[in-house]
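Visitor: Please take a close look at a single part of this model, the place where two of its chains meet. I would like one connected account.

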Amino acid sequence: MRNCLVINLDRCTGCDSCVAACKFENGLGLGINWNRVIPVGPTGTHPDLEMYWIPGQCQQCANAACVSVCPTGASYRDPLTNVVLIEKATCIGCHYCAYACPYGVRVFNEEEHVMEKCTLCSHLTADGSGLPACVVACTTGCRFYGDLDDPDSDASKELAKYDTDCIHLLPDTAGTHPATRYILSPNIAKWKELS
Amino acid sequence: MTMTEKHCPKALSRRSFVKIAAAAGAAAGLGVSMSGSLKDAGKAFAESGSSIKTVKTMCHGCIQFCAVLATVEDGVVTKLQGDPDSPLNKTSICIKGLNQMHTVYSPRHILHPMRHVERGTNKWETISWDEAIELAATKIKEGVDKYGPYSFFVSSGGGGAYSGFWAYGFCEAILSPNSFEPGGAQCFMPRASMAPFVYGGRPPSIADSFLWEPFNTYKPATKMIVLWGAQPSISQTALSGHGMADLRVDRGCKTIVVDPNFTPDSAKADVWLPLRPGTDTALVLCWWSYIIEHKLYDEDFTKYWTNLPFLINPDTRLPYLAEEVWPDYVNPAKDPNDEFSTPAYVCFDKKTGTIQPLPYSLPEDSPVDPEIFFTAVVNGAESRTAGQIYYDEAKEWTLEKTGEYCWLQPDKIEEAVKLYAEAEVAGIAHGVATDQTKASSEVPLGVNGLDTIMGYVDKPGVTLTHLSEQYKDRPVMVGDTAALGAWSANYGVGYHVGKTDNWNKKRVEEFPDQELLKTYNQLQRDRLGLVEHKGFFWQDNCHIPTILKAIRTGEPYKPRVWYDFSGNKLAMLGNAQSWYDVLDEIDFCICQYPMITSFHYEAADLIFPLQEWLEWNGTSDIINNKFMFTQVIHLGETVNNGVPATRILARYRELMGETGPSKYTVMPQPDSEDGVRAGVAKDMGVESYEELVNNQDKYVPKVTPPDEYWRYYQYLDIVSDGLPGGFATESRKCEPYCTILLKMSRTGWPFTYPLEMPACDDYNPICVNIPPNENPGDDPEYPLVITSGRVPYYHHGTMRHAPFSRELYPAPEVKINPRTAAEYGIEHMDWVKISSPRGSISARAYLTEGEAPGQLWMERFWNPEAYDASQANPDGGWRQCNINVITDNYVDSDTEKPYNSVYGSYTLRGFQVKIEKGERPENIWVEPKEFEPFMPTLTSEPQTGDVF
Amino acid sequence: MDVHFQVNTKTQGNKDSGVFSTVISEGQSSEGQLAEEQPSAEDRSHQLSSDESIQEKLSRLSKVITKHPLNQMVLYKILVACKTNRKEGELKEEIATYPQFKSATLDQHSLIDQLVRADGLSMSEYDGNGNLIVRGEQTDGVLAEQDKTPPPDQDQEASVTWRCYLTTEIGLIYIDENTPEKRLADLLSLVPSRNEFYLKVLDFCSGEKQPYKAIEALLERDLLALPEEQALHIPTKPSLFIDKLERAGGIVWDDGWTITDIGRRMLQTFKKD
């Protein structure tokens, strides 16, 4: 089971509504974001330019470094959904997971002294009844949630529409095997490997 | 998803509320939460049991309205998402919409009427609704008693409370000629009114819910769309923005974006034309020239359905009528009843090689084969066809010359024009950008004209469409419809274009209330700035710089009692300082808004509290679906935005010793919330509001059957006179050579008929090149050109107190090319100072190749934190980062004819500035935690009943 | 001091006639406006010339007085009323008699307070024994900044029995430079072709109080007959003459337009001429 997001960058216009939807849904305070939208570009020289936006959040790695480095087991993989989560009650705020995460998507909650991150809105999605708030709110319909191992999931169906040269991962430099897929067609922009 | 489980607390009546409020006394202060004084009521509600419900309503975060679902838990809205029943936004909601959960509960949301203790401070005194209405009505009366009704004026616009119709209606009820909004000539009016002038139909504006055809999923047809100065991905993010994403990705629709700014729509476009700001007319003429030269136009449509083959009298600049050349000519289309007018014109007939009458007919019935581009001798004068006149004007604009002038690559222009003209079907969707330039009339005239010569009119997939209308007779343009704006027809004023002179004369003579007609005509005559800019009659507005001068000098009379219906005028009006400077000429300033803005801080004497959209009732359409705004919650004593006006007007009339409704106004709004609800039920076609709101699943949305809604080729349908319907213009054809503009400039026709206004210089009947007032190289002190636009976090002047938007976009960013920035030693995210002769403002530099070298781009901004209680030296927050401090309205300019001729638009995009490194200004916040005082505080406010 | 300054800090407003926006030259003073024991404006200017902020102070006072049109004539009259030290109670009673006070947006206390804060009035407080209460540092009868609006809960507050107000030197200069005579004379020298209409209005309002409509009827036809008016995009409305005469102090609204004493004197002078 590989629950994650598939994000179609051919559609995304970088409006940040997913960022706000996440904050409202998860009650995040000022200065705390579980997802962000990174503008890639414009690259080139005016007026010959390309640009796309990458919404970034926990990539739901198959080999999640955050889980393996956690000294208390607070970072864990949910046995039911296989989603990587944080048990706040056992988190001691040691930051090991944040150092281990190659994507910088964990944020430290100063007030509660614990690490936080995207849960794929597990409170809505775990029983299969709902979708993550960012997926629902997305103003261009660019976000798809589901199990990549289930060909009937929204995520798998969206991927199936595209050739492999349109499907990308964030660089797997740490061997964590991120599950999250990004769709970007070459006619919109050439995929840039982010460092 | 219903409100059956209506869990409203026992509502406080207005009277008891006011009583409690009065008891709270001065403690209210600003922010004006009454939660303390109403603790008991709130507690009673809290104890009444918890409940969760979902209500169908609509978002009003911008000028398009998405259908949304609001989740309400124990009386507090905890979640907003798009309504899956919506055909366009679906489940989407953008950050502007989500912000409502903060703004409705914001400490800045005012809940009671307040009297300003002193202008230029944030000191307010809470007063009762009765006191506030009495004060407002008395002050209006004082002005009228002392100086006559022209002492009064109104304004609306600016975002957040949409009250234009009530504003104009109120103005007329007082018998004052002057209302305005910062948009108007600078937003909406030019592009919205030009389409009816050119083809008698709906404007191709993608920002205003006028243009739905590209989003037609019933029979999708749009293959190619040009976004000319429009950015739906940012300005209408979840509605037209979502629609564009569907079009591009799901339907493979090609797009061209004409925009100096590298918007997300530019980034996704097949061709992006980043033209120099304000040079659109040259590009329009280049497209005309290329299309004519390469014969890419639709020859049959142009020949028979546009007025370009008409031979034009060089003296009058109007088309010859057949009777002028052949006095005995009998027009076969003449109406024997002398009601409908269908003139016959003069053309050069290819078949006979002579000039011939061109009677109105179906193309296949035409006795002639008219030349579109020709010069012939008519009545002894060398006369060109309208088409020839256009071509002569356009042909100098070659790809190369246009490229140089507009800062474009000639091959890109060619690629774009071919993509547009060689498409099976296409259309130009026109946005606000050119409304904010001196060429505000010429650009829509030119682009609408292009669509007509391409035959992209009234057929599937185009942007000039009619929707739902069904012609029975020859179509007519009248002043009581969107086609001719305003409400002149209600007063018997205005020429019905498409009917005969005799019929119009008789109608005026037989109008039952001649005094009403004459009064309205006199108001038109005395409206400020209208002799020069008669296009304003379309929206019943006055010219903003002219009213400013009248306030300042008292000439020819002094508007002095101001009722502003919405928004932050100091952030939205060009040359803000010039407005600040006349505030002390204003005897009394009545305002209404959901929050205190810079304008209220500096100018208001009294403010009425308006509802945020979660408190509203109303209806609106998304394509062929009618949805409803539902009052999900209600706090304090806020009211629907039409209510204060109706209440003040009623009291004013009592004070004046008048009874009943005024005949001088058609102000539409009922004066109570129940009245609003009744209107909603009626609009939704449901017997009662209760029935509707308790069964939203059944009634919302109300759908017009698609085959009734999507209608095409109506100009070909044979109507009552046995002829094809045609278009609602004088010639019954598309008029890319826009005769109505010529007649308008000379007499005010058709708006002021029977009154003839004094003439001004002729308006251009075709697109001609209108250079910007200021150009790079004109003044070495101001070497950079600046333009502006929106960001997705805000709409107009709204939401600068929405903390999640502010932490993402805390201060305006001025986009600048890295090469240009390097010349000034400016680095990414440096604070910079941008100056024009009007003043200086601050912004943070955003270095990007998206901006052309030598060009800047910046969003509008203002800072409500500047008068937060925590500030040691508070100020109005409109000077720090407000681009309108550096824009010009030319009230002190020696520029000759600085405004657009037709609409009087001043320039907000494409003017010259200089830039240097600067510093973060005083009293503004940028760090996320700084916005803590904007986080919601009113969630424990009790639910209240209706004020009225 | 600099010989030319604008009392109204705006540069464009009402250039031709607006109240309180006249360009003033050094040495101009108005006759008969000041009590004889007080020095002329010129003298005061010299006395205060060492004070670098005099223009700034005058400008600040002017801003406060012209900030709100419905209050400005009342504020001017308060300055005039306080040329001699005035007890608060009787001053408030006097203000209540001004016809312009009916339309003012502030109560008497707030109006007085505005002038105190703008250094147009000085306030002195006395205890039950008639002794002056001294708060902080005082110079020239001008309250130190921190003492202008004393918090009501101060211990001393209980002992204050009455307050008095006196127009400051800055206030006196302001009065001099903006006398109604001067403003009216300026108005009548601006556009001579309009004088006929100004005088007509003054004359018309010298008897019974006149409603706007009557003045409109009086002027409209004659105005429209003027060739220069016909050339205008919008002919001048009669309200212009009312507005400018009111701002100059020639007429006043008191449930109808009526001539002021100064207006009457001016009218007589012109009639003689």
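**The chain C and chain B interface**

Guide: Of the 273 residues of chain C, 52% count as buried, buried meaning under 20% relative accessible area, exposed over 50% and partly exposed in between (1.4 Å probe, protein chains only). This is a predicted model, in which local features need pLDDT of at least 70 and side-chain atom pairs count only at pLDDT 80 or more, while totals for chains, interfaces and linings use all residues. Residues are numbered from 1 along each chain as its sequence is written, chains are lettered from A and ligands numbered from 1 in the order in which they are written, and side-chain values use heavy atoms, with hydrogens and water left out.

Chain C has 13 helices and 10 strands; helices (H or I, at least four residues) and strands (E, at least two) are DSSP runs, numbered from the N terminus.

Now the interface. Contact (heavy atoms within 4.5 Å) involves 33 residues from chain C and 36 residues from chain B. The size of an interface is often given as the accessible area lost when the parts come together. Chain C and chain B bury about 3000 Å² between them, with 46% of it on carbon and sulfur atoms; buried area is the accessible area (1.4 Å probe) that two parts lose on being put together, summed over both.

Six salt bridges are found across the interface of chain C and chain B, a salt bridge being a side-chain nitrogen of Lys or Arg within 4 Å of a carboxyl oxygen of Asp or Glu. Asp526(B) forms a salt bridge with Lys237(C), and their closest N and O atoms are 3.0 Å apart. Between chain C and chain B, 17 residue pairs are in polar contact, both residues at pLDDT 80 or more. A polar contact is a pair of N or O atoms within 3.5 Å; within protein, one must be able to donate a hydrogen and the other to accept it, and residues adjacent in sequence count only if both atoms are side-chain atoms.

On the side of chain C that touches chain B, the elements giving two or more residues are α3 (69-81), α5 (108-117) and α12 (239-248) of chain C. The largest share, seven residues, comes from α12(C). The residues of this side divide into 11 nonpolar, 11 polar and 11 charged; Ala, Val, Leu, Ile, Met, Phe, Trp, Tyr, Cys and Pro count as nonpolar, Asp, Glu, Lys and Arg as charged, and the others, Gly among them, as polar.
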